[in-house]
Amino acid sequence: MIAAVILVSGAWPWYVAGPAIGLFVPALLIVGNAVFGVSSCLRHMCAAVVPSKAEYFRYDWKKTGLWNLLFVLGILAGGFLASHFGGAQNVAISEATRLSLAKLGIHDFSGLAPRELFHWSALATLQGFILIVGGGFLVGFGTAYAGGCTSGHAISGMADLQFPSLIATAGFFAGGLIATYFLLPLLL
Amino acid sequence: MINEANRAPASPTQAPWALLAYLLLGVAFGVVLTKSEVLSWFRIQEMFRFQSPRMYEIIVSAIVVAAISVQLIKRWGAKSISGEPIDVPRKALGRGIRYAAGGIIFGLGWAFTGACPGPLFALVGNGITVMAVAILAALAGTWLYGVLRPRLPH
């Protein structure tokens, strides 16, 4: 019943969304001492399937990573449930953002991401290829180098007042601002 | 110098019931990522352009709730369900280069794809299936890091 209400609800206000995200940190710790973080699943998948002599991938991925792989599988299923029962979602971004993005040539604001750029047919275009393949590559390289992503550093690490996570989070925003103000205008 | 990433990751409880709990928590997190719209390329652009406080309100309130929870867990000496003491491992600072450089590289990718790793998986679930290609590219990125790791400054 509650689950059904949650699924059909529209976009949540920030004061529901933010605390809901934060609660995954204690929930995972209490279940089994698991530290909330998503990107280590990439390392586990590499360790599991890609043969490599690199020391970074030589550990028992099942013992340390099975929990994380299941968590990520759940995320995929949760996204499916939310879209399947919640209906198509249009994101009510600000008028200022619409104007800024229109200047970059984006006119379709339906769905969660611009259809012109995030669709299979877009892979054949230079813009789509760079955003999807290039962007994905940078996410995977960067998160492994930094030792965590937005969940592991910006939420878990910051919540535990860890200085390295503050540096990483500042880096996330620095990179995002560089891409937004310098690279995307060149690319789009 | 002890480099924490040289060690294998810590091992959480992986009893069958716990594995089921992680899966279900993942499902819940996928729903939350979708309902909060933090997986939307449009929202990420709005955030980096400082055109709405929404993403900042979400991130800050998430950190505050998580921080209070972790403090309470530490103060009470709370144990996990299987009875082990809860401990959040410290990240070694070292020279700090990895956090700054890796962070910036990650940030570029975050703005390009409009998604960090959790949202990439949630987007595939949401039917934006081309994001599976972004996940494969992210695996390639992580793999290259693993190979280049001995030669990179940390």
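Modeller: A term is needed at the outset: helices (H or I, at least four residues) and strands (E, at least two) are DSSP runs, numbered from the N terminus. This is a predicted model, in which local features need pLDDT of at least 70, side-chain atom pairs count only at pLDDT 80 or more, and totals for chains, interfaces and linings use all residues. Residues are numbered from 1 along each chain as its sequence is written, while chains are lettered from A and ligands numbered from 1 in the order in which they are written.

Biologist: How many helices and strands does chain A have?
Modeller: Chain A has 9 helices and 0 strands. From the N terminus, its elements read α-α-α-α-α-α-α-α-α.

Biologist: And what does its C-alpha trace span?
Modeller: Along its principal axes, the C-alpha trace of chain A spans about 50 × 45 × 35 Å. Of the 188 residues of chain A, 51% count as buried (20 or more other C-beta atoms lie within 10 Å of the residue's own, with C-beta atoms placed from the backbone).

Biologist: Switching to the two chains: how many residues of chain B are in contact with chain A?
Modeller: In chain B, 108 residues are in contact with 119 residues of chain A; two residues are in contact if their C-beta atoms, placed from the backbone, lie within 7 Å.

Biologist: Which element gives the largest share of that side of chain B?
Modeller: That is α1(B), with 17 residues. By class, the side of chain B that touches chain A has 66 nonpolar, 29 polar and 13 charged residues. Ala, Val, Leu, Ile, Met, Phe, Trp, Tyr, Cys and Pro count as nonpolar, Asp, Glu, Lys and Arg as charged, and the others, Gly among them, as polar.

Biologist: At what angle do α1 and α5 of chain B cross?
Modeller: The axes of α1 (residues 16-35) and α5 (residues 117-125) of chain B cross at roughly 85 degrees and come within 10 Å. That makes α1(B) roughly perpendicular to α5(B), a label for angles of 65 to 115 degrees.

Biologist: Which residues meet there?
Modeller: B:F29, B:G30, B:L33 and B:T34 in α1(B) meet B:G118, B:P119, B:A122 and B:G125 in α5(B).

Biologist: Last topic: what is the mean pLDDT of chain B?
Modeller: The mean is 92, and 94% of the residues of chain B reach 70 or more; pLDDT is the predictor's confidence in each residue, from 0 to 100. Over residues 1-6 of chain B, pLDDT stays under 50. For the complex, the predictor gives an ipTM of 0.95 and a pTM of 0.94.

How values were computed:
Axes fitted to C-alpha atoms, helices over the stretch in contact; angles between N-to-C directions. Parallel < 35°, antiparallel > 145°, perpendicular 65-115°, else oblique. Buried ≥ 20, exposed ≤ 12 C-beta atoms within 10 Å, placed from the backbone.
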